[in-house]
Amino acid sequence: MPSALWALVIGAFGIGMTEFTIAGILPGIATEFGTTIPQAGLMVTVYALGVFVGAPVLTILGAGMPRKALLLALACIFTIGNLVTALAPSLSIALVGRVITSFNHGAFFGVGALVAMLLVPPHKRAQAIAFMFSGLTVANLVGVPLGTWLAHVTNWRVVFFVITGIGVVMIASLAVLLPHLEKGARPRISTELRAFADPQVLLAMGITVLGPAGFFTAITYIAPLAIEVAGYSEQGVALLMVLFGLGLVIGNWLGGRFADRSLYMTLYVSLALQGISLIILWLWADSAIILGLMVFLMAAFGFATVSPIQKLVMDRANAAGASTLVASVNIGMFNLGNALGAWLGGVTITAGYGLASPGWTGAILSFVALGLAGLSALAARQDAHARAAAG
């Protein structure tokens, strides 16, 4: 692979670390700012909402920029946002930093995937995209557990200073390794927007929101649940994040592998098993072994849905002659699900249902997403019959 791809890998690693490490360090943030766990959980919610808003906006605004310049600008946004969070004197300023950071997320992955394809021959484009996203999986497998451990042996702010340093490395690597690339063509907004009138696109995006929301409802509050209910030590939470990252890696691989064979069956199985895993987590949260196993399984089944959902959305968008905006919005929808899950988990805890209650809340969201998958399959069959009749 070209050396320029390593700059994208570094960026994906930094983004993955800043998005997911927060789940393991919420207790420290809540303690320092003198607030509750659900209020500290807003660090997850506002980031996800920022991705939802920033992905399509920055994709459209940056469409006319040279791609290298756009990626450098996004890397600067990432770095500044994490520095603001690291230095924040209050929770409100920390939240501002999270919003700033979030605005680079969707556009970086969208533009980065396109750049990765341009850097290699046509027969290696899928490999190039997978190579870029390997930074995200390594972040969850290695960076997030190390960040969680570092926060517990030092301070949560140290983690964000480290991520800020990764941002500086990202900027330097993009500047040095990435060749000059021509600016992309500005998308026709009217054509792109027509894709959102397709019921199957909307159903797929509904799954994008509710599927990830299911496991994010629980994983956001996994640190206090593990410590206060299952009896984990603070350092033991880092082990849970290793299991979480391993689940993401395996689930992402399995989802991509089986979606090519049967897209809808992959969705049915993964969403159903995600819901079951979350129910088990809720019922037996006081068992350290069961909690660890369910963290692994809900991550694996949750991320097994990502590839088939993205393929479903892009297939329908391409059929409508649009893909740029839809791709960015779908990334935003994934993070909208993260925000919804984190918020609902906080609501159930605040309502007095206990730290394990996000388990049953997430299970409900998973089963609703399963229902949407069934409706999407039905709509696809009806569409196929209509085309056959017209033919």
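Helix 1 (residues 4–20) has 17 residues, which at 1.5 Å a residue should span 24 Å, and its end C-alpha atoms lie 25 Å apart, in agreement; the expected span is 1.5 Å times one less than the number of residues. This is a predicted model, in which local features need pLDDT of at least 70, side-chain atom pairs count only at pLDDT 80 or more, and totals for chains, interfaces and linings use all residues. Residues are numbered from 1 along each chain as its sequence is written, and side-chain values use heavy atoms, with hydrogens and water left out.

**Fold and dimensions**

- The chain holds 18 helices and zero strands; helices (H or I, at least four residues) and strands (E, at least two) are DSSP runs, numbered from the N terminus.
- The radius of gyration is 20 Å, close to the 21 Å that the globule rule gives for 391 residues, so the chain is as compact as a globular protein of that length. The radius is taken over C-alpha atoms, and the rule is 2.2 Å times the number of residues to the power 0.38.
- The C-alpha trace spans about 60 × 50 × 35 Å along its principal axes.
- Of the contacts between residues at least 6 apart in sequence, 85% join residues at least 24 apart; contact means heavy atoms within 4.5 Å.

**Burial and surface**

- Of the 391 residues, 55% count as buried. Buried means under 20% relative accessible area, exposed over 50%, and partly exposed in between (1.4 Å probe, protein chains only).
- Helix 1 is mostly covered, with 14 of its 17 residues buried.
- The chain exposes about 15,000 Å², of which carbon and sulfur atoms supply 72%. Accessible areas come from the Shrake-Rupley method with a 1.4 Å probe; for residues, only the protein chains shown count as cover.

**Charge**

- The 16 positive and 11 negative charges have mean positions 14 Å apart. Lys and Arg count as positive and Asp and Glu as negative, while His and the chain ends are not counted; each charge is placed at NZ of Lys, CZ of Arg, CG of Asp or CD of Glu.

**Two residues**

- I279 sits in helix 14 (residues 263–283) and is partly exposed, at 29% relative accessible area.
- Beyond its neighbours within four places in sequence, I279 contacts G359, A363 and F367. I279 and G362 are 83 residues apart in sequence, with their C-alpha atoms 8.3 Å apart.
- S376 belongs to helix 18 (residues 358–390) and counts as buried, at 0% relative accessibility.
- Leaving out residues up to four places away in sequence, S376 touches Q200, L203, Y264 and L312.
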